[in-house]
Amino acid sequence: MAGRVATMGVTGLNYHLFAVVNGWAGSHGLVDDVFEWAATWLIFVMAALTVVPGRALVRSGAWTVPLRVGASLALALGIGQVVGRLAHEPRPFQTHVVHQLIPHAADASLPSDHATVAFALAFAIWVFLSRPWGIALTVLATVIGFARVWVGVHYPGDIAAGALIGAAAVTLVVAGERLMRRARESRRPASP
């Protein structure tokens, strides 16, 4: 198997994994319905769930966490747009015969915007607010990513790229905060 993967290359492996997952689509009505819903709507459930751990912050007036989460999402989307313009990988249904279960524009497939936002949100909640909620949201982001492959609109590599971009965005926000903190501390007058 390892030899086959080595000769397949990254692109071949990406398509092979897509074909395995998407190959099950279209023949299991209830499962298809669940994944169609997850591919389209679960991201909104994720966003709503962030209110649960964030309620105490809103009541206390602590707005730094929502700002960090928002900055992570904005940065992830920005990076995703740049990657999409540079890579412009066609969607699976543009180049292969697939079981496409939901309609989608024939725009760039890499990275998945849904995965980028879902993982950025999950990782930001994990780092800035609540590890248990972040883990739960990461599981939901993974379900969204899997569903996007199942319904035929993304390759697994598009999902992985979205997850990496989400992680990078959160890391950049953390690094930016540290740099700003150091800059503020270096400007403070030395105490006598």
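What pattern does the chain follow when read along the sequence? The pattern is α-α-α-α-α-α-α-α, and the chain has eight helices and zero strands. Helices (H or I, at least four residues) and strands (E, at least two) are DSSP runs, numbered from the N terminus. This is a predicted model, in which local features need pLDDT of at least 70 and side-chain atom pairs count only at pLDDT 80 or more, while totals for chains, interfaces and linings use all residues. Residues are numbered from 1 along each chain as its sequence is written, and side-chain values use heavy atoms, with hydrogens and water left out.

**The chain as a whole**

- Taken along the principal axes, the box filled by the C-alpha atoms is roughly 70 × 35 × 30 Å.
- The chain has 192 residues, and 38% of them count as buried. Buried means under 20% relative accessible area, exposed means over 50%, and partly exposed lies in between (1.4 Å probe, protein chains only).
- The accessible surface of the chain is about 10700 Å², and carbon and sulfur atoms account for 69% of that surface. Such areas come from the Shrake-Rupley method with a 1.4 Å probe; for residues, only the protein chains shown count as cover.
- Of the contacts between residues at least 6 apart in sequence, 79% join residues at least 24 apart. A contact means heavy atoms within 4.5 Å.
- There are 14 positive and 9 negative side chains, and 18 Å separates the centres of the two sets. Lys and Arg count as positive and Asp and Glu as negative, while His and the chain ends are not counted. The place of a charge is taken as NZ of Lys, CZ of Arg, CG of Asp or CD of Glu.

**Aromatic rings**

- The whole structure holds seven aromatic pairs. Rings of Phe, Tyr and Trp (its six-membered ring) pair if their centres lie within 6.5 Å. Planes under 30 degrees apart count as stacked, over 60 as edge-to-face and the rest as tilted.
- One aromatic cluster is formed by Tyr-15, Phe-18 and Tyr-155.

- His-154 sits in the loop between α7 (131-150) and α8 (156-187). His-154 counts as buried because its relative accessibility is 1%.
- A polar atom of the His-154 side chain lies 3.0 Å from the backbone oxygen of Ser-109. A polar contact is a pair of N or O atoms within 3.5 Å; within protein, one must be able to donate a hydrogen and the other to accept it, and residues adjacent in sequence count only if both atoms are side-chain atoms.
- Leaving aside neighbours within four places in sequence, the residues in contact with His-154 include Phe-18, Arg-91, Pro-111 and Ile-159.
- Arg-91 belongs to the loop between α4 and α5. With a relative accessible area of 4%, Arg-91 is buried.
- The Arg-91 side chain reaches the backbone oxygen of Ala-105 at 3.3 Å. Not counting residues up to four places away in sequence, Arg-91 touches several residues, among them His-104, Asp-107, Val-153 and Tyr-155.
- From C-alpha to C-alpha, Arg-91 and Arg-181 are 42 Å apart in space, and they are 90 residues apart in sequence.

**Backbone details in loops**

- The peptide bond from Leu-110 to Pro-111 is cis, with omega near -5°. Pro-111 lies in the loop between α5 (92-95) and α6.
- His-88 has phi near 35°, a positive value in a residue other than glycine. His-88 is placed in the loop between α4 and α5.

- Ser-130 is in the loop between α6 (113-128) and α7. Ser-130 counts as buried, at 14% relative accessibility.
- The backbone nitrogen of Trp-133 is 3.2 Å from a polar atom of the Ser-130 side chain. Apart from neighbours within four places in sequence, Ser-130 is in contact with Pro-53 and Ile-125.
- Ser-186 is in helix α8 and counts as exposed, at 59% relative accessibility. A polar atom of the Ser-186 side chain lies 2.8 Å from the backbone oxygen of Ala-183.
- Thr-64 is in helix α4 (residues 64-87) and counts as partly exposed, at 45% relative accessibility.
- Thr-64 and Ser-112 are 48 residues apart along the chain, and their C-alpha atoms are separated by 28 Å.
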